[in-house]
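The structure itself is shown first, and the description follows.

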Amino acid sequence: MKIKRIAWERAFYNNKFVLAFSFLLALVLWAIMVSTDTQEHARAIAEVPITVTLPDSALSDGMKVFSQTDTKATVYIKGNSLVVNQLKAGDLEAVAALPANVTEPGSYTLPLTVQSRRTLNAAYTVDSIYPAQVLVTVDRYKEKTFAVQSDVTYKAGYKSDPSFFVGMPDPSQDTVTVSGPEKQVLQVNRVAFEYEIDSTLTDTKNFTVPLALFDANGNKIDRGNMTVNPEKVDVSIPVLPRARLPLKAAFTNKPAGLSLGSDQVSIDPQEIEVAAPKDVLATLKEVSLEPIDFSKINPSNNTFDANIDLPSTCKNLSNLPTAKVTLNLGSMITRQMQVTNFSVKNLSADKTAQVYTREIPVTVVGPENEVSRLTESNLTAQVDLSDRENFTGHTEVPVTFSVSSTENTWVYGSYMANVEIRQKNS
């Protein structure tokens, strides 16, 4: 089948067609010209940034802009179409200038003016701007640090489990910094986290909660233009099982053969209440006291306050930091003796040492049948130089004592010896 070809060129030989086509073309051209005529019809440029400027006097006084009602404006411009149609929002800037006579913080309504970021001002004019003004809040910058407080509450009717200890809430941050407009920051009196416990606690409770601001009257304050750092805290409320555990006395430098029966050692109190994780309580059958050095014990000096030592994961619910330990040493006697034997230990291989102290009068304590038969040869003073590794010259060093031919005897008191330490081959 043969398709007819439309002969458009013949149509232009028809006067009526040429007249209609010319009219339509003129109409289109007129519409284009009207739509691009920026001499009479202003072109709208949206998203023009708004900049608020402060005078030098306000800046030197620490003033800052903390809020403004708008950050973008729409600018309507007229002028040379070739220039106007090429302009973008980034080529213009809407400026709100705080007058130089404004010296106090507050809110101010400032008119907007348009400035060009390109050197084309003569090619166009600003017809209008929307919005025509902005409301600006200025103030001095202020920063304060507050302790993070707890406002944890318990729901009405809450009942605790007496076999568990519920500790104080422990936030991940001890302090918080509040910064912003001075007028707002000065209203803040305390910062706290709020949380309500609605069920009986038998396990440690962990939660994350925002911090709230309060004024001096206890009213909650809206953050406004203030910044709170951190905004939230992680909080842990420790919940631990409770138990009563006996106290046990401990000693250092106790004679190897000396055995103290329960009738010879009394502790007051005999036990304390402890809270600890379940796995710790399962193995913790007693609480040891801080060791008592036997060199401080004799029949007349036999009562001591010993610190109660607990693992770091445990809590002393009795709130007793010490216990009183009393030793019954009625069967022991004391004897004054002279120590003339000295030995040196922990001396560096490249050093020599000479003890200048020839004798030390000491008090020996022990059972009468052992102490009475001791001689000076049974006593030896040991000079420990482990902390004098890099020292040379004369010095005074603490000494400890060993007593031979007895298992229940010790030396009471603390003593020093004069020693000279020399470098070998010097």
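This is a predicted model: local features need pLDDT of at least 70, side-chain atom pairs count only at pLDDT 80 or more; totals for chains, interfaces and linings use all residues.

Strand 17, covering residues 239-248, is joined to strand 20 by 5 bridges, and the two run antiparallel. Within this pairing, R244 has E273 of strand 20 as its bridge partner. Strand 20 also pairs with strand 24 (residues 315-316), again in the antiparallel sense, through 2 bridges, and here V274 has N316 in strand 24 as its bridge partner. Of the 5 residues that make up strand 20 (residues 271-275), 4 are buried, so this strand is largely enclosed by the rest of the structure.

The mean pLDDT of the chain is 89, with 92% of its residues at 70 or more. Confidence is lowest in helix 1 (residues 8-11), where the mean is 61, whereas strand 13 has the highest value, at 97.

Strand 13, which spans residues 205-214, pairs with strand 12 over 4 bridges in the antiparallel sense, and F214 of strand 13 stands opposite R190. On another pairing, strand 12 (residues 190-197) is joined by 7 bridges to strand 8 (residues 133-154), and these two strands run parallel; V148 stands opposite V191 of strand 12.

A separate topic is the open sheet of 5 strands, whose order is 6-4-1-3-7 and whose pairing is mixed. Strand 6 (113-116) and strand 7 (124-130) stand at its edges with a single partner strand each, so one side of each of them is left without a neighbour in the sheet. On average, neighbouring strands of this sheet are turned by 40 degrees against each other, direction ignored. Inside the order, strand 1 (residues 43-53) and strand 3 (residues 72-79) run antiparallel and are joined by 5 bridges, with P49 standing opposite K72 of strand 3.

| Strand pair | Sense | Bridges |
|---|---|---|
| Strand 1 and strand 3 | antiparallel | 5 bridges |
| Strand 8 and strand 12 | parallel | 7 bridges |
| Strand 12 and strand 13 | antiparallel | 4 bridges |
| Strand 17 and strand 20 | antiparallel | 5 bridges |
| Strand 20 and strand 24 | antiparallel | 2 bridges |

Turning to the open spaces, the largest pocket holds about 430 Å³. Its lining consists of 22 residues, and those that lie nearest the centre of the pocket are N253, F401, S402, W410 and V411. Strand 31 (393-403) and strand 32 (410-412) each supply at least two residues of this lining, and strand 31 gives the most, with 6 residues. By residue type, the lining of the largest pocket divides into 10 nonpolar, 9 polar and 3 charged residues.

The residues that line the largest cavity are N346, L347, S348, K351, L385, R388, E389 and I421. This lining is made up of 3 nonpolar, 2 polar and 3 charged residues.

How values were computed:
Residues are numbered from 1 along each chain as its sequence is written. Side-chain values use heavy atoms; hydrogens and water are left out. Two strands pair if DSSP finds at least two bridges between them. Axes are lines fitted to C-alpha atoms, for helices over the stretch in contact, and angles run from 0 to 180 degrees between N-to-C directions. On a 1 Å grid over the protein atoms alone, a cavity is a set of points where a 1.4 Å probe fits but cannot get out, and a pocket is an open set with protein on both sides within 12 Å along at least five of seven lines; lining residues have an atom within 4 Å of a point. Grid points are joined across faces, edges and corners, and a volume is the space filled by probe spheres set on the points. Ala, Val, Leu, Ile, Met, Phe, Trp, Tyr, Cys and Pro count as nonpolar, Asp, Glu, Lys and Arg as charged, and the others, Gly among them, as polar. pLDDT is the predictor's confidence in each residue, from 0 to 100. Buried means under 20% relative accessible area, exposed over 50%, partly exposed in between (1.4 Å probe, protein chains only).
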